Amino acid sequence: MLNSAINRIWTGKPKLSIVFWLCFLLVYVIGTLAILSILIPDLDAIVENESFGTGVAFKLSSIRVTIILITMTTFPILLWKKRDVALTFLKVTTAWAVTMYIDDYLILYDIVKYPDLTIVKIVFALRPFVITALAWMCLELHFRAKNGY
């Protein structure tokens, strides 16, 4: 019973390139680092001891961590079950990531103060790579969907 279920899932897997799966892995690793960078610091101590900007950073981050968790949970399910919906979902996720990146640089970095932690600096430095990986995943899914992968 279990073997047949695993065999059905494995044979029904999307036929995508190794580059897609490497991008997928990169996005999930950095997404996990982003979640850890938000959850690791002691929020109460930081909000009490720091300025208004730091408190706003963690309120904003709590909304973002929820979206990241929902996205990281939903996308693999959609990829295996409803590939056309997965493509649309990935496009929306990529647009959201680009918007947050631009919003942070143009508006929020003057207002919001993020903690001076190494993991936060790493996540911020790797965000362009995540956006590039998401864009590649969108392109590959789009062109594979046209060819009926």
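Modeller: A residue is called buried under 20% relative accessible area, exposed over 50%, and partly exposed in between. Please bear in mind that this is a predicted model.

Biologist: Why is Arg144 called partly exposed?

Modeller: The relative accessibility of Arg144 is 30%.

Biologist: What makes the pair Arg144 and Glu140 a salt bridge?

Modeller: The closest N and O atoms of Arg144 and Glu140 are 3.3 Å apart. A salt bridge requires a side-chain nitrogen of Lys or Arg within 4 Å of a carboxyl oxygen of Asp or Glu, and therefore the pair Arg144 and Glu140 qualifies. Both residues lie in helix α6, four residues apart, which is about one turn of the helix. The structure holds one salt bridge.

Biologist: Why is Glu140 called buried?

Modeller: Glu140 has a relative accessible area of 8%. Buried means under 20%, so Glu140 is classed as buried.

Biologist: What makes Leu22 exposed?

Modeller: Leu22, which is in helix α2, has a relative accessible area of 52%. The label exposed requires over 50%, and Leu22 is therefore exposed. Leu22 also belongs to a nonpolar surface patch of about 780 Å², with Ile18, Val19, Leu25, Val29, Trp136, Leu139 and Phe143. Helices α2 and α6 each supply at least two residues of this patch, and the largest share, five residues, comes from α2.

Biologist: Which label does Phe89 receive, and why?

Modeller: Phe89, found in helix α5, has a relative accessible area of 23%. Not counting residues up to four places away in sequence, Phe89 touches Thr71, Thr74, Phe75 and Leu78.

Biologist: How do you know whether Cys23 and Cys138 are buried or exposed?

Modeller: The relative accessible area of Cys23 is 13%, and that of Cys138 is 12%. Buried means under 20%, so Cys23 is buried, and so is Cys138. The structure holds zero disulfides.

Biologist: Which residues touch the most other members of the largest nonpolar core?

Modeller: Of its 28 residues, these are Phe20, Val27, Phe75, Leu79, Leu90, Met137 and Leu141. The elements giving two or more residues to this core are α2 (18–39), α4 (52–81), α5 (83–111) and α6 (118–146). Helix α2 provides the largest share, nine residues.

Conventions. Residues are numbered from 1 along each chain as its sequence is written. This is a predicted model: local features need pLDDT of at least 70, side-chain atom pairs count only at pLDDT 80 or more; totals for chains, interfaces and linings use all residues. Side-chain values use heavy atoms; hydrogens and water are left out. A nonpolar core is a set of buried Ala, Val, Leu, Ile, Met, Phe, Trp, Tyr and Cys residues joined through side-chain atoms within 4.5 Å. Buried means under 20% relative accessible area, exposed over 50%, partly exposed in between (1.4 Å probe, protein chains only). A disulfide is a pair of cysteine sulfur atoms within 2.5 Å. Patches are made of residues with over 30% relative accessible area and no salt bridge: like charges are joined within 9 Å, nonpolar side chains (Val, Leu, Ile, Met, Phe, Trp, Tyr) within 5 Å. Accessible areas come from the Shrake-Rupley method with a 1.4 Å probe; for residues, only the protein chains shown count as cover. Contact means heavy atoms within 4.5 Å.
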